[in-house]
Amino acid sequence: MLSIDATEHPVADLVRDESPNPEEALLVDERLRWLGAAVHTLPERLRFVIEGLFLQDRPVAELADELGVTQSRISQLRTEALTLLRDGMNAGLDPDLVPAASRPDGVAERRRQTYFAAVAARAALAPAASMTAGPGIVPTQRGTQAAGERYMAREAELTA
């Protein structure tokens, strides 16, 4: 029989709970919800590349053949998508990490901002994996949702 507080080799040091605490689990769930929203909101070609490379573990050459582009172009699309994903998630979770735009009034920056709003809208609408909204908590943000809908409509026009 051993005491849990024994001075030499305490049993408490041997028995550790490595599972995340409730706060850590909530943060992981929130990041996963934002990641899913960011991937699903990507423009079609970028989403195809990300899903092919990271979710389906397909080779770059196969994706390049399907899209009719070079492997180098797949690499460029991957880099563009990952940057957009990172900034889209950070815009909602930690805005200080989003780099300032070189041309804040430019078309590219307006598209990025619209994408950020669409990601936020989709993440707000996504169900939380481990918790439900309590009384008085409204899971949608009308302004963000409207911006997200405008983004989706504009992307549909561009891909048509």
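I started just after helix H3, where Asp57 takes a positive phi of about 55°. Helices (H or I, at least four residues) and strands (E, at least two) are DSSP runs, numbered from the N terminus.

I noted the ground rules next. This is a predicted model, in which local features need pLDDT of at least 70 and side-chain atom pairs count only at pLDDT 80 or more, while totals for chains, interfaces and linings use all residues. Residues are numbered from 1 along each chain as its sequence is written, and side-chain values use heavy atoms, with hydrogens and water left out.

**Overall make-up**

I looked up the secondary structure and found seven helices and zero strands in the protein chain. Of its 160 residues, 27% are buried (under 20% relative accessible area, with exposed over 50% and partly exposed in between; 1.4 Å probe, protein chains only). I also checked the contacts (heavy atoms within 4.5 Å). Among those with a separation of 6 or more, 63% are between residues 24 or more positions apart.

**Helix H3**

I went back to H3, residues 44–55, and listed its buried residues as Leu46, Val49, Ile50, Gly52 and Leu53. They pack against helix H2 (22–41), helix H4 (60–67) and helix H5 (71–93).

**H4 against H5**

I looked up how H4 and H5 pack: the angle is about 100° and the axes are 8 Å apart. Angles of 65 to 115 degrees count as roughly perpendicular (under 35 roughly parallel, over 145 roughly antiparallel, the rest oblique), so H4 is roughly perpendicular to H5. Axes are lines fitted to C-alpha atoms, for helices over the stretch in contact, and angles run from 0 to 180 degrees between N-to-C directions. From H4, Val60, Ala61, Leu63, Ala64 and Leu67 meet Gln71, Ile74 and Leu77 of H5. I sorted the residues of this contact into seven nonpolar, one polar and no charged.

**Core**

I then took the largest nonpolar core, which has 23 residues; Leu42, Leu85 and Tyr115 have the most contacts inside it. Such a core is a set of buried Ala, Val, Leu, Ile, Met, Phe, Trp, Tyr and Cys residues joined through side-chain atoms within 4.5 Å. H2, H3, H4, H5 and helix H6 (107–125) each supply at least two of its residues. The largest share of this core, six residues, comes from H5.

**Asp87**

Last, I checked Asp87, which is found in H5. Asp87 is buried, with a relative accessible area of 2%. Leaving out residues up to four places away in sequence, I found Asp87 touching Val98, Pro99, Arg112 and Phe116.

How values were computed
Ala, Val, Leu, Ile, Met, Phe, Trp, Tyr, Cys and Pro count as nonpolar, Asp, Glu, Lys and Arg as charged, and the others, Gly among them, as polar.
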